[in-house]
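Me: Please go through this structure with me, one question at a time. Show it before anything else.

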Amino acid sequence: MVPRPFVIKRFRKETDDTFTLELEPNEGRSRFAFSPGQFNMVYVYGVGEVPISISGSPSTHGLIHTTRAVGTVTKAMAKLKKGDVVGIRGPFGTTWPVKEARSHDVVVVAGGIGLPPLRGAIYEILANRKDYGKVVLLYGVRTPADILFKDELEQWRARFDMEAFITVDRAVADWRGNVGVVTTLISKAGFDPQNTIAMVVGPEVMMRFTALEFIKRGVKADSIYLSMERNMKCGIGLCGHCQFGPLFVCKDGPVFRYTQIKDLLVKWEI
Amino acid sequence: MSTLKTYRIESDTLNELIQELRKEKYVVVGPTIRGTAIVLDEITSASQLPIGKTDEQSPAQYRLNDRADQAYFGYSAGPHSWKRYLFPPVLSLFKAKQSEKGFQVSDEANAQKDVDRYALLGVRACDLSAIHIQDQVFGGGTYKDPAYLRSRNQAFIVAVNCTRAGGTCFCSSVRTGPRARVGFDLALSEVIDNEHYFLVEVGTERGEEVMSTVSRRPAGDNEVEKADRLIRAAAQLTGRSLEPDNTREILYQNTEHPRWDVVAARCLSCANCTMVCPTCFCATVEDTTDLTGTEAQRTRKWDSCFTMDFSYIHGGSVRPSSKGRYRHWLTHKLASWVDQFGTIGCVGCGRCITWCPVGIDITEEFRVIRETYLMTSRASSTKETTHGNS
Amino acid sequence: METLERILGQHPFFKDLGPEYLQLVTGCASNVRFEQDNLIFREGEEANQFYLIREGRVALQVFSPERGHITVETLGEGDILGWSWLIPPYNWHFDAKAVDLTRAIALDGKCLRRKCEEDHNLGYEILKRFAHIIEQRLESTRLQLLDLYGVRS
């Protein structure tokens with residue numbers, strides 16, 4: 001499988017270390033088809049390839065990747081600009097249960113850089129708003145400076161048919177918003193635990209405790225979905241790197257039902 | 001007893017077979033001696049096989065000895081396995097050249113260039129099972145490996161039924177040998193008493209075509225029976241054994257077994273086991289450019305779950321301890337493989353035992369944990385019985 | 001008073017307290033209201049009440065000369081605010097400020113403290129419930145400390 005060239009039509013710096021690429025195919029072909037929850041292997045010419053969640057909604061946006069510059073490849077990617085070309089292999093992986101969540105309440109919990117993979121799901125849900133019950137977004141970040149997609153958050157908060165709560169781990173003096181870990185927002189959100197689908201992305205510790213908090217509130221374990229991350233080289237289940245117990249995160253995931261993985265999550269070094 | 005058509009060829013006809021394969025543009029790969037071990041390499045004549053040699057294998061020990069006879073295949077598995085040819089250690093995946101449109105990619109791995117057509121001579125039953133297992137890995141999922149499938153479909157397989165068991169072998173207990181049952185073009189059984197000949201079972205039309213060019217005659221019933229006896233005897237004499245049932249329950253329920261700490265204290269994370277294992281398939285990719293940066297290349301290379309980088313993510317390794325890594329390898333090989341591919345991943349070749357520098361024995365490690373599982377299952381069923389009686 | 005008793009009785013914190021003790025607790029309760037930005041209590045002051053937040057948000061804060069007022073946790077509807085009234089020397093450890101207009105039920109800690117000393121069964125029931133809250137807060141705080149969203153280099 002070889003990377004397809006995609007040109008950066010817009011490069012946006014989101015925060016200090018996070019940026020967004022808006023891409024379109026180099027050869028002017030049709031829109032890139034994917035489902036929320038999936039990821040691409042993104043190739044920086046001559047440097048390497050990394051898995052990045054697809055951040056937009058298939059119907060609203062084109063191909064968007066929001067990522068943090070932490071390693072060799074993403075740091076090289078952070079230096080690209082409009083007009084540069086990256087390689088794309090994908091889309092790979094399992095998807096958010098957007099259809100299955102119809103006629104349920106939906107609680108979306110994002111931690112840190114976890115909001116981009118969920119944005120597509122939120123858009124899909126809002127595009128068919130009447131098919132869902134309550135829709136709640138809980139978003140936790142490190143500090144107020146790390147909040148992503150402020151424009152969208154403001155729009156979502158302004159809507160009457162959706163609740164969006166934001167909290168930070170660490171406040172600065174002029175922050176008047178919530179302070180505290182994102183799990184503390186779960187008890188504040190209005191949703192019917194018996195009829196809720198929860199979708200969670202964030203650092204593994206955060207997802208583990210968030211799932212437990214939902215269980216404590218009465219949400220069924222098979223109604224909670226997590227998006228896992230592991231080292232990936234091929235993205236297609238052939239290189240062995242992303243194994244999580246017997247599961248390949250690239251093809252059995254990255255979106256998993258909590259029941260599939262809850263025992264694996266508490267086994268260290270599994 | 002085989003139901004396939006079986007011929008008898010004299011021992012020196014083996015070379016005729018090799019020459020016929022070469023005439024048909026196969027690169028014949030077979031066992032041959034390099035230094036002090038029997039490895040796999042291209043051979044051009046039967047005289048390059050390790051004639052009259054045998055091996056002594058035990059944990060962390062490998063030694064060649066002379067046999068009393070001139071057997072062509074009187075030894076067991078060496079450090080190489082056939083995955084070197086079907087799933088090469090280094091493979092160029094693609095090249096990319098900078099252009100005004102950014103860059104252009106040429107798909108090397110899929111390119112219609114000449115891929116060596118291999119005739120694999122001397123594939124033991126365990127290794128044949130390993131090939132079938134890798135067929136499932138590389139060809140059984142949604143995404144297949146085209147390079148593997150291409151070499152695989154072209155490969156001509158001459159299997160060899162073992163008439164002698166090795167010190168670290170355990171094919172019979174995991175039901176992969178010593179007899180090769182399916183998936184070969186030809187299968188040889190070497191018989192040496194007063195005479196020296198091979199029985200050749202024909203597995204495919206391709207095999208029949210090749211056989212039609214060498215001097216042969218149909219095998220007699222007593223000859224077939226003699227070979228069967230030898231193979232059955234080998235099955236009894238394997239150096240080790242491993243019970244392959246319920247591996248998932250045994251290993252998934254014992255992730256905190258104290259034995260893991262014992263083996264971790266010995267394991268050097270050297271990755272030898274994964275290199276010699278005929279089914280290990282983990283690989284990594286390397287992206288490089290030339291000095292001017294105008295041409296980039298991606299290469300696939302064998303990797304091992306024993307390296308610290310293997311599970312690196314977000315600034316750290318998911319499996320930083322050798323305990324975590326050893327447990328992952330063994331659990332994958334014997335248990336997770338079943339969930340992923342439908343069978344266990346171990347074929348009982350014994351290479352990991354022989355080539356581990358500290359002599360860790362997979363059959364022994366698994367036995368200890370299995371015993372705990374049996375004890376706890378017995379204990380819980382005993383509890384139920386007494387509860388029922390009281 | 002009767003409405004207060006019903007409200008308290010339905011709250012998870014006071015559930016299963018038993019009608020006798022519930023009446024006793026209600027006897028120490030009153031409705032209070034804090035306007036936006038009002039200080040509810042200040043670090044170092046004597047801690048004589050605790051609050052059950054019915055509406056609004058309260059920020060637990062620490063003041064530092066270089067950084068000003070820093071919020072360490074935000075509490076909201078349904079949360080219990082304050083346990084220092086139960087633990088000697090009965091002083092507040094943080095500031096509490098109403099972020100929004102906040103309505104709460106204030107419970108007279110001093111009075112309840114005396115009653116707990118007199119009746120240890122009541123004391124045990126109250127301490128049990130606070131132990132649970134402290135455990136939850138400690139867990140959340142530890143997760144905050146982990147700085148999970150930070151970058152490891």
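Reply: The term pLDDT denotes the predictor's confidence in each residue, on a scale from 0 to 100. This is a predicted model in which local features need pLDDT of at least 70 and side-chain atom pairs count only at pLDDT 80 or more, while totals for chains, interfaces and linings use all residues. Residues are numbered from 1 along each chain as its sequence is written, chains are lettered from A and ligands numbered from 1 in the order in which they are written, and side-chain values use heavy atoms, with hydrogens and water left out.

Me: What pLDDT does chain C average?
Reply: The model as a whole scores ipTM 0.94 and pTM 0.91. In chain C, 97% of the residues score at least 70. The average pLDDT of chain C is 91.

Me: How many disulfides does a search of the whole structure find?
Reply: A disulfide is counted when two cysteine sulfur atoms lie within 2.5 Å. The sulfur of C250(A) has its closest cysteine sulfur in C242(A), 3.6 Å away, which is too far for a bond. For C116(C) the closest cysteine sulfur is in C28(C), at 8.9 Å, also too far. Over all chains, the number of disulfides is zero.

Me: Is C250(A) buried or exposed?
Reply: Buried means under 20% relative accessible area, exposed over 50%, and partly exposed in between, with a 1.4 Å probe and protein chains only. The relative accessible area of C250(A) is 2%, so C250(A) is buried.
That of C116(C) is 10%, so C116(C) is likewise buried.

Me: How many residues of strand β11 of chain A are buried?
Reply: Helices (H or I, at least four residues) and strands (E, at least two) are DSSP runs, numbered from the N terminus. In β11(A), residues 196-201, T196(A), A198(A) and V200(A) are buried on one side, and I197(A), M199(A) and V201(A) are buried on the other. The strand is thus mostly covered, and the count of buried residues is six of six.

Me: What is the handedness of the crossover from β11(A) to β12(A)?
Reply: Strands pair if DSSP finds at least two bridges between them; β11(A) and β12(A) (residues 224-227) pair in the parallel sense over three bridges, with A198(A) partnered by I224(A). The chain passes between these strands through helix α4 (residues 204-216) of chain A. A crossover counts as right-handed if, with the strands pointing away from the viewer, the path from the first strand over the helix to the second runs clockwise. This β-α-β crossover is right-handed.

Me: Which residue has a backbone nitrogen 2.8 Å from a polar atom of the D185(B) side chain?
Reply: D185(B) lies in the loop between β9 (156-161) and β10 (186-192) of chain B, and it counts as buried because its relative accessibility is 5%. Leaving aside neighbours within four places in sequence, its contacts (heavy atoms within 4.5 Å) include A155(B), I157(B) and R206(B). The backbone nitrogen at 2.8 Å belongs to I157(B).

Me: Which residue takes a positive phi in the hairpin of β2(B) and β3(B)?
Reply: Six bridges join β2(B) to β3(B) (residues 37-42), and the two run antiparallel. R34(B) stands opposite A37(B). The hairpin has two residues between its strands, and the one with a positive phi near 65° is G35(B).

How values were computed
A polar contact is a pair of N or O atoms within 3.5 Å; within protein, one must be able to donate a hydrogen and the other to accept it, and residues adjacent in sequence count only if both atoms are side-chain atoms.
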